[in-house]
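Thanks, everyone; I would like to take a few minutes to go through one model, beginning with a pocket and ending with salt bridges. Please have a look at it first.

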Amino acid sequence: MKISNLAVSSLLLLVARTGFSAAFAPVGTARISRPALETAGRPSVLCLFSSTKDDGEKGISMPSLPKLDTAIVDDVTTSLTKIDQINFGNIQQNVMDGPFGSRGEIYFAIQAVLVLSIVLGGIPAIQPVVTILLGPGLLVAGLAIAVASVVDMGGALTPFTKPPTTAQAKLVTDGLYKYMRHPMYTGLISLMVGLSILSGSADRLLLAGLLFVFLDFKSSKEEEEMLVLYGNEYEAYMKQVPTKFFPQNVITQD
């Protein structure tokens, strides 16, 4: 018996999606149900496979498309048709209700400034100050912190998460490392944020935020390895220096 190319391709695709047990079900079975992956919350592209048709010809039976719940769309549409029912007089009374300064005005003010800044593409009035001072300031400070951290790390420096076990490698707890456990990453993040502000690039700033998240994850992996290598010594260091990137108690009071 000859099998068409379409049937062979469909069988291979079914094997890849559902496994051999589902693909090679008894011939008498009319259809194979959706793959087990769909029950775990992952919808399957290949939903049904028909081994035979009524006339004996090989073929694929395509399922009906899932129905989209449009209830929320209907609710939005219904609400929009009632836009003329907005009572601005009531809104004005609500705004004037209560003593000034006790209604949470500061939160609305911050919200309004952020929205306005996004619409205008910058921070009104102080945007030049932020760009000229904060950008280069973070850039220079980040570079200085990163270089100083490399110097402090000395022979223990490595780009990998697993610490070296060479003779010159040791646990570094002095220099910038007595203020934060990962000052090198602090410098790198500051450097990237400063560059983003200086260049006025939203994409760079977004990537700098992503870099921060990744370095937080990477540093956790590094500390797992440090605990394996140095044990109680590193655990005591973590208690002594509780922060990863931002120093505590830098400003002291007499």
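This is a predicted model: local features need pLDDT of at least 70, side-chain atom pairs count only at pLDDT 80 or more; totals for chains, interfaces and linings use all residues.

Let me start with α9, which gives the most to the lining of the largest pocket, namely 5 residues; helices here (H or I, at least four residues) are DSSP runs, numbered from the N terminus. Residues are numbered from 1 along each chain as its sequence is written, and side-chain values use heavy atoms, with hydrogens and water left out.

A pocket is taken on a 1 Å grid over the protein atoms alone, as an open set of points where a 1.4 Å probe fits, with protein on both sides within 12 Å along at least five of seven lines, and lining residues have an atom within 4 Å of a point. The largest pocket holds about 480 Å³ of space, the volume being the space filled by probe spheres set on the points, which are joined across faces, edges and corners. Its lining has 28 residues, and Met153, Thr158, Tyr177, His182 and Glu222 lie nearest the centre. Two or more lining residues come from each of α8 (183-199), α9 (202-230) and α10 (232-240). By class, the lining divides into 20 nonpolar, 3 polar and 5 charged residues.

Now to the packing. Leaving aside neighbours within four places in sequence, Tyr237 is in contact (heavy atoms within 4.5 Å) with Val172, Thr173, Tyr177, Met180 and Arg181.

How many salt bridges are there, if we ask for a side-chain nitrogen of Lys or Arg within 4 Å of a carboxyl oxygen of Asp or Glu? The count comes to 2. In one of them, Glu223 pairs with Arg181, with the closest N and O atoms 2.5 Å apart; Glu223 is in helix α9 and Arg181 in the loop between α7 (127-153) and α8, 42 residues apart. Glu223 counts as buried at 6% relative accessibility, and Arg181 likewise at 8%.

Lys244 forms a salt bridge with Asp216, the closest N and O atoms being 3.0 Å apart. Because Lys244 lies in the segment after α10 and Asp216 in helix α9, the pair ties together parts 28 residues apart in sequence.

Technical notes: Ala, Val, Leu, Ile, Met, Phe, Trp, Tyr, Cys and Pro count as nonpolar, Asp, Glu, Lys and Arg as charged, and the others, Gly among them, as polar. Buried means under 20% relative accessible area, exposed over 50%, partly exposed in between (1.4 Å probe, protein chains only).
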